[in-house]
Amino acid sequence: MFGGLHEECGVMGIFAGRKAPVAEYAYLGLYALQHRGQESCGIAVSEDGLFRQHRGDGLVAEVFSEEQLAHLGQGSIAVGHVRYSTTGGKNPNNIQPVVVCHVKGNMALCHNGNLVNANELRRAHELKGAIFHGTADTESMIYTIVGERLTAPSTEEAVARAMPRLQGAYSCVLMTATKLIAFRDPNGFRPLCYGRTESGEFIVASESCALDAVGAHLIRDIEPGEILVFSGQGVQSDRRHCGGRRALCVFEYIYFARPDSVIEGASVHAARLMAGKFLAKESPAQADVVIGVPDSGLDAALGFAQQSGIRYGVGFLKNKYVGRSFIAPSQQMREKAVRIKLNVIRETVEGKRVVLVDDSIVRGTTCSRIVRLLRDSGAKEVHMRVSAPPFKHPCYFGTDVDSEENLIACQLDSVEEIARAIGVDSLAYLSIDAAHQIAGLQGMSYCDGCFTGNYPIAVPAGQSKHKFEQPIHSGN
């Protein structure tokens, strides 16, 4: 997808068990996870229980300089985070890691996901005197763990006791003075895996591509509901919360994850190729060339071309130098912004019947501008194929799939109407059944609530997603 939809964040954890350049590992890993969040990032390091941290708004390369990495120094443990906010907005106090100091020791928490009961947890903690500095649900989570830690014999036991109270999606890394604790919600909405470097450091990350970035080999995914503890005693697994219904977000394979990642044993690149092949079988088109929208539509376009026999072509050049700081204050400039970020290779499309493949259509505005670019470059016909089902419902589990009033598939009654609205000759989406099969994992179940409205767990009723996300304040 070229613009529009975002994942909430990515997490990284390193346990060396000795003095090591753990901040550098975290930096490299977050760089590899940058696609999961471009709003802010942070790293915290533990050296003999002394925590040092640096956080800021911007990309990893913007926030961390050589001097700042040197200030973080070496340590035995580190955690890191990249963020795109789906709850809490752009409050600087929401930048992670969230670090707390309490009577049982320091903690630093990084969280990927979204709690559906964050407001209830926050109210309960505020009524007990807790003071919140930000508006994100991660603070509610760490206060819940800290509360359990007052009576639990260990931090990992506190996490285990807190998990039944944490409803929703969470893939987390938690650092204490001596331990790195990784844990994942019982449904496994968001991915989390771990590996090890040749020099012995354990690495936990949202995706395996971050392990590759630091030279670690993938050991396995952390199981839904599992708590994995890295300490001087080795690696211990607590599976008391495992065994529930798995509900990995199917859109991880379609869009969110990097194509070179492996999730639950399945290649993301291969899954996207398969999505394109399913599209070609379900919704063929008479055309001269197949092109994809950079970057996430490219693999599905290649799969469509391979299955259909239609020639694959490079239809767009993406300007890799246009980053998050690009400003488009006027309407005229906003209209031209898509030409700055994405330009058509005229030779590929001029006079051709084009199959345009992208991973999704959210509001339809960016898509219609891209179609207009193709028309202006001489495309004879444009047939759009989408490697996901239509978005019809909000996501409560860590992505910014918008409220229904802003989703084009909810505002228009048919696929034909959407096709007319975005200016294509034909439009087809991937079926729900095919979406569940693209990774080729037997017996795997997914969360597809943004497509079907059928969520694996209860979500807030009778209120919009945005109303749900507002922080609760008690008082008269």
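**Close-up 1. Helices α9 and α10 pack at an angle of about 50°, with their axes 6 Å apart.** The model is predicted, so that local features need pLDDT of at least 70 and side-chain atom pairs count only at pLDDT 80 or more, while totals for chains, interfaces and linings use all residues. Residues are numbered from 1 along each chain as its sequence is written, and side-chain values use heavy atoms, with hydrogens and water left out. Helices (H or I, at least four residues) and strands (E, at least two) are DSSP runs, numbered from the N terminus. Axes are lines fitted to C-alpha atoms, for helices over the stretch in contact, and angles run from 0 to 180 degrees between N-to-C directions. The pair α9 and α10 is therefore oblique, a class that remains once angles under 35 degrees are called roughly parallel, over 145 roughly antiparallel and 65 to 115 roughly perpendicular. The crossing of α9 past α10 is right-handed; a crossing is left-handed if the near helix is turned anticlockwise from the far one by less than a right angle, and right-handed if clockwise. Contact means heavy atoms within 4.5 Å, and among the residues of α9 that meet α10 are Leu 273, Gly 276 and Lys 281, with Leu 302, Gly 303 and Phe 304 among those on the α10 side.

**Close-up 2. Lys 281 is placed in helix α9 (residues 268-282).** Lys 281 is exposed, with a relative accessible area of 52%, where buried means under 20% relative accessible area, exposed over 50% and partly exposed in between (1.4 Å probe, protein chains only). Between Lys 281 and Arg 55 there are 226 residues of separation in sequence and 47 Å in space, C-alpha to C-alpha.

**Close-up 3. The largest nonpolar core holds 50 residues, of which Phe 251, Tyr 253 and Phe 397 touch the most other members.** A nonpolar core is a set of buried Ala, Val, Leu, Ile, Met, Phe, Trp, Tyr and Cys residues joined through side-chain atoms within 4.5 Å. Elements that give two or more residues to this core include β14 (248-249), α8 (251-256), α10 (298-308) and β20 (353-358), and α9 gives the most, with six residues. Leaving aside neighbours within four places in sequence, Phe 397 is in contact with residues that include Val 116, Phe 189, Cys 447, Tyr 455 and Ile 457. A second, separate core of 30 residues includes Ile 14, Leu 33, Ile 43 and Val 63.

**Close-up 4. An open sheet is formed by four strands in the order β17-β20-β21-β22, with parallel pairing.** Two strands pair if DSSP finds at least two bridges between them. The edges are taken by β17 (289-292) and β22 (426-429), each with a single partner strand, so one side of each is left without a neighbour in the sheet. Direction ignored, neighbouring strands of this sheet are turned by 20° against each other on average. Four bridges join strand β21 (residues 381-386) and β22 in the parallel sense, and the bridge partner of His 383 in β22 is Ser 426. Helix α9 lies across β20, β21 and β22 and runs at about 125° to β22, while helix α13 (residues 365-376) packs on the sheet by touching β17, β20 and β21, in a direction that makes about 145° with that of β21.

**Close-up 5. Arg 363 lies in the loop between β20 and α13.** At 33% relative accessibility, Arg 363 counts as partly exposed. The C-alpha atoms of Arg 363 and Glu 404 are 10.0 Å apart in space, although these residues are 41 residues apart in sequence.

**Close-up 6. Strand β2 (residues 40-47) is mostly covered, with seven of its eight residues buried.** Eight bridges join β2 to strand β3 (residues 50-57), and the two run antiparallel; Glu 47 stands opposite Leu 50 in β3. The hairpin of β2 and β3 has two residues between the strands, and Asp 48 there takes a positive phi near 55°. With strand β4 (residues 75-83), β2 pairs in the antiparallel sense over seven bridges, and the bridge partner of Cys 41 in β4 is Val 82.
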